[in-house]
Amino acid sequence: MVKTRNFVEGDSSLATKAVWDDELALIFCELCVNEVNAGNRPTTHLNSKGWENVIALFQAKTQKNYGKPQLKNKWDTLKKEWRLWRELLKESTGIGWCPLKKTVDATEEWWAEKIQENPDFKGFKKKGIEPQLNELMWQMFGGIVATGENAWHLRLVFFHVGFLWEMMHLMRDLVFPLMRYHQTLLMESLIEERKHLGLYTVREKNQVQVENHQEIH
């Protein structure tokens with residue numbers, strides 16, 4: 001999550017290590033959202049033009065000489081944290097944002113249950129994602145995350161459709177012939193009974209013979 005204290009991202013091979021705080025993260029997200037709205041995020045990340053704009057404007061606004069490696073790393077970090085934040089709040093009711101705590105206003109029991117569900121939620125108890133930043137991150141990553149979830153649901157739908165298709169073939173190849181077979185036996189039994197009672201007709205006899213002929217072919 002976005003921490004209140006400064007922290008370093010990047011490795012020692014980078015010319016300038018990226019040190020982030022809440023203000024820098026907010027500026028970065030605002031610039032990224034502008035590029036997303038401008039159509040410069042065709043896939044999961046900004047395109048070359050989008051990164052060029054973010055790098056230039058970020059340096060102008062913050063006087064920080066961060067290049068694409070540092071900013072892309074920040075993008076990926078924020079996306080992972082936002083996904084985890086959404087998972088924490090999923091299906092949760094009766095909770096809200098606490099400006100003083102800078103995180104979810106929830107009971108100790110709620111936190112204990114969530115942390116037991118996923119230990120990675122523990123960090124959010126001290127510092128969550130503020131509503132303003134959460135809204136920006138939704139615009140940055142919402143379509144990406146939704147696309148991944150929808151793809152999973154789509155695969156699930158295709159699985160069920162395939163299962164139903166196989167069941168239809170099973171019904172056609174096995175169940176329906178078996179039903180016709182029993183129907184023929186029943187009709188023959190009824191005809192025998194009618195014949196015994198003197199009610200058997202030539203038409204009924206011919207009908208049984210025709211159906212038996214169709215069944216063979």
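## Lysine 127 and the loop between H4 and H5

Lysine 127 counts as buried, with a relative accessibility of 8%; buried here means under 20% relative accessible area, exposed means over 50%, and partly exposed lies in between (1.4 Å probe, protein chains only). This lysine is placed in the loop between H4 and H5. Helices (H or I, at least four residues) and strands (E, at least two) are DSSP runs numbered from the N terminus. The structure is a predicted model, in which local features need pLDDT of at least 70 and side-chain atom pairs count only at pLDDT 80 or more, while totals for chains, interfaces and linings use all residues. Residues are numbered from 1 along each chain as its sequence is written, and side-chain values use heavy atoms, with hydrogens and water left out.

Aspartate 120 also belongs to the loop between H4 and H5. Aspartate 120 counts as exposed, at 52% relative accessibility. Its C-alpha lies 8.0 Å from that of leucine 84, a residue 36 positions away in sequence.

Lysine 102 is found in the loop between strand E3 (96-98) and strand E4 (103-105). Its phi is positive, near 60 degrees, in a residue other than glycine. With a relative accessible area of 33%, lysine 102 is partly exposed.

Glutamine 63 likewise is not a glycine and has a positive phi, of about 65 degrees. This glutamine sits in the loop between H2 and H3 and counts as exposed, at 65% relative accessibility.

## Overall organisation

The chain contains 6 helices and 4 strands. Read from the N terminus, the order of elements is β-β-α-α-α-β-β-α-α-α. Of the 217 residues in the chain, 29% are buried. Contact means heavy atoms within 4.5 Å. Among contacts between residues at least 6 apart in sequence, 59% join residues at least 24 apart.

## The crossing of H1 and H2

Helix H1 (residues 22-37) and helix H2 (residues 48-62) have axes that come within 10 Å and cross at roughly 145 degrees. Axes are lines fitted to C-alpha atoms, for helices over the stretch in contact, and angles run from 0 to 180 degrees between N-to-C directions. The crossing of H1 and H2 is right-handed; a crossing has this hand if the near helix is turned clockwise from the far one by less than a right angle, and is left-handed if anticlockwise.

On the H1 side, the contact is made by Leu24, Ile27, Phe28, Leu31, Cys32 and Glu35. H2 contributes Lys49, Gly50, Trp51, Asn53, Val54, Leu57, Phe58, Lys61 and Thr62. These residues divide into 9 nonpolar, 3 polar and 3 charged, where Ala, Val, Leu, Ile, Met, Phe, Trp, Tyr, Cys and Pro count as nonpolar, Asp, Glu, Lys and Arg as charged, and the others, Gly among them, as polar.

## The nonpolar core

The largest nonpolar core has 35 residues, of which Phe28, Phe58, Leu71 and Trp75 touch the most other members. Such a core is a set of buried Ala, Val, Leu, Ile, Met, Phe, Trp, Tyr and Cys residues joined through side-chain atoms within 4.5 Å. Strand E2 (18-20), H1, H2, H3, helix H4 (108-117) and H5 each supply at least two of its residues. H1 provides the largest share, 8 residues.

Phenylalanine 58, leaving aside neighbours within four places in sequence, is in contact with Trp20, Leu24, Ile27, Phe28, Leu31, Gln63, Lys64, Tyr66 and Leu71.

## Aromatic pairs

The whole structure holds 12 aromatic pairs. Rings of Phe, Tyr and Trp (its six-membered ring) pair if their centres lie within 6.5 Å; planes under 30 degrees apart count as stacked, over 60 as edge-to-face and the rest as tilted. Tryptophan 75 and phenylalanine 141 form an edge-to-face pair, because their ring centres are 5.1 Å apart and their planes stand at 85 degrees. Tryptophan 75 lies in helix H3 (residues 68-89) and phenylalanine 141 in helix H5 (residues 131-196), so this pair ties together parts 66 residues apart in sequence. Both residues, tryptophan 75 and phenylalanine 141, are buried.

Tryptophan 82 and phenylalanine 141 make a tilted pair, because their centres are 6.2 Å apart and their planes lie at 45 degrees. This pair also joins H3 to H5, tying together parts 59 residues apart in sequence. Ring pairs link Trp51, Trp75, Trp82, Trp138 and Phe141 into a cluster.
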